[in-house]
Amino acid sequence: YTRAAAKEMEERFQTSVAELYENSEGTGHRNAQKVHFGTFHSICWQILRQSSGNDYSLIGESQKRELIGHLLKNMGLGEEIAYDLVSDIVNEISRGKNFSGLDEGDLSNGNDGLKKVGTLSFEAYRNIKDGYERYLKDQKMLDFDDMIVECLKLFQTQPAVLQKYQMQFAYILADEFQDINQLQYDIVRLLAAPEDNLFIVGDDDQSIYRFRGAKPQIMLNFEKDYPKAKRVVLDANFRSTAEIVKGAGKVIGHNKERFPKEIYAAKGAGFEILTHEFPGQEEENACIVDKIKAYAAKGGAYSDIAVLFRTNTQPRLLGGELMSAGIPFRMRD
């Protein structure tokens, strides 16, 4: 799902293959060089460039925002276009494509009963979106989400193209499968057919991209779609201590829409998880400062400590308290 992850997987694979064929004179190592690695978007983009018959180019994020701003000004909304409004429109266009895969999106039928996008009425938003899509079509351009949409359309309308890639990709591995959306799943299913040599890897407890169309239910229902599939449960956690794994299990266990599993820690017990509640942020900050001081007094390093917040505005008060206490720290802002 990221270029970095795909690159790391490729490097690990090539290293393993080199070791495997180190003392062999066969062609296995050369054949292994032909394995393709990439994100969904990069693979789909390569397929479109090679087989769609269209000389597409990609619209960049800054160019996309500039275009949306231009369309807003043409609607008579003034010279000063709010940055947040442009972001709302960009995000809504992306959301519509990821959730439905259709140019029209499914916004008007969404669970939130969408009436506005930012400060725009839904009707005004649709006019902006229509202008945006017309521009892309006239300029033969695609945006990031169109890579997936157009690749799926290509497979659905060009059987010969689909068959070509079905034969090329006889075996498919999809990593981080819990974050797949319906469009991506449709592409994977088409590519894997008819042999269905499909290997998926994922953790349904780690799905975090529902806001952009990810559906953990796809993974949960995978064995219904592929009754011959075999499941292998990786139940050892090598990152965390037993206390953390147990605490996380208690929290995620409240989710009833998941694969039941018992995870064990390979690192041993570790420290107990402590939970504190405070009447306000001042008391919370005072406790954090005291705990940092106590840790440092025992010889602990400040660099071993991290304080995590849900939003970027929350750490500001703590920053002042740390400076007053003479505690060195780094903060993104």
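Which residue just after α4 takes a positive phi? Gly76 does, at about 80°.

1. Basis. This is a predicted model, in which local features need pLDDT of at least 70, side-chain atom pairs count only at pLDDT 80 or more, and totals for chains, interfaces and linings use all residues. Residues are numbered from 1 along each chain as its sequence is written, and side-chain values use heavy atoms, with hydrogens and water left out.

2. Helix α4. Helices are DSSP runs of H or I with at least four residues, strands are E runs of at least two, and both are numbered from the N terminus. Helix α4 covers residues 61-74. Its 14 residues should span 20 Å at 1.5 Å a residue, and the end C-alpha atoms are 20 Å apart, which agrees. The expected span is 1.5 Å times one less than the number of residues. Lys64, Leu67, Ile68, Gly69, Leu71 and Leu72 of α4 are buried (buried is under 20% relative accessible area, exposed over 50%, partly exposed in between; 1.4 Å probe, protein chains only).

3. Lys140. This residue sits in the loop between α6 (122-138) and β4 (141-142). Lys140 is exposed, at a relative accessible area of 56%. Beyond its neighbours within four places in sequence, Lys140 is in contact with Asp55, Tyr56 and Ser57 (contact means heavy atoms within 4.5 Å). Lys140 and Ser57 are 83 residues apart in sequence, yet 6.6 Å apart C-alpha to C-alpha.

4. Glu176. Look in the loop between β5 (172-174) and α9 (182-192). Glu176 is partly exposed, at 35% relative accessibility. Its C-alpha lies 44 Å from that of Gly76, 100 residues away along the chain.

5. α7 and α9. Helix α7 (residues 146-157) packs with α9 at about 35°, axes 10 Å apart. Axes are lines fitted to C-alpha atoms, for helices over the stretch in contact, with angles from 0 to 180 degrees between N-to-C directions. The crossing is left-handed (near helix turned anticlockwise from the far one by less than a right angle; right-handed if clockwise). From α7 come Ile148, Val149, Cys151, Leu152, Phe155 and Gln156; from α9, Leu183, Gln184, Asp186, Ile187, Leu190 and Leu191. The contact residues divide into nine nonpolar, two polar and one charged (nonpolar: Ala, Val, Leu, Ile, Met, Phe, Trp, Tyr, Cys, Pro; charged: Asp, Glu, Lys, Arg; polar: the others, Gly among them).

6. α13 and α14. The axes of α13 (residues 281-297) and α14 (residues 315-324) come within 10 Å and cross at roughly 45°. The crossing is right-handed. Gln281, Asn285, Ile288, Val289 and Ile292 of α13 meet Leu317, Leu318, Glu321 and Leu322 of α14. Those residues divide into six nonpolar, two polar and one charged.
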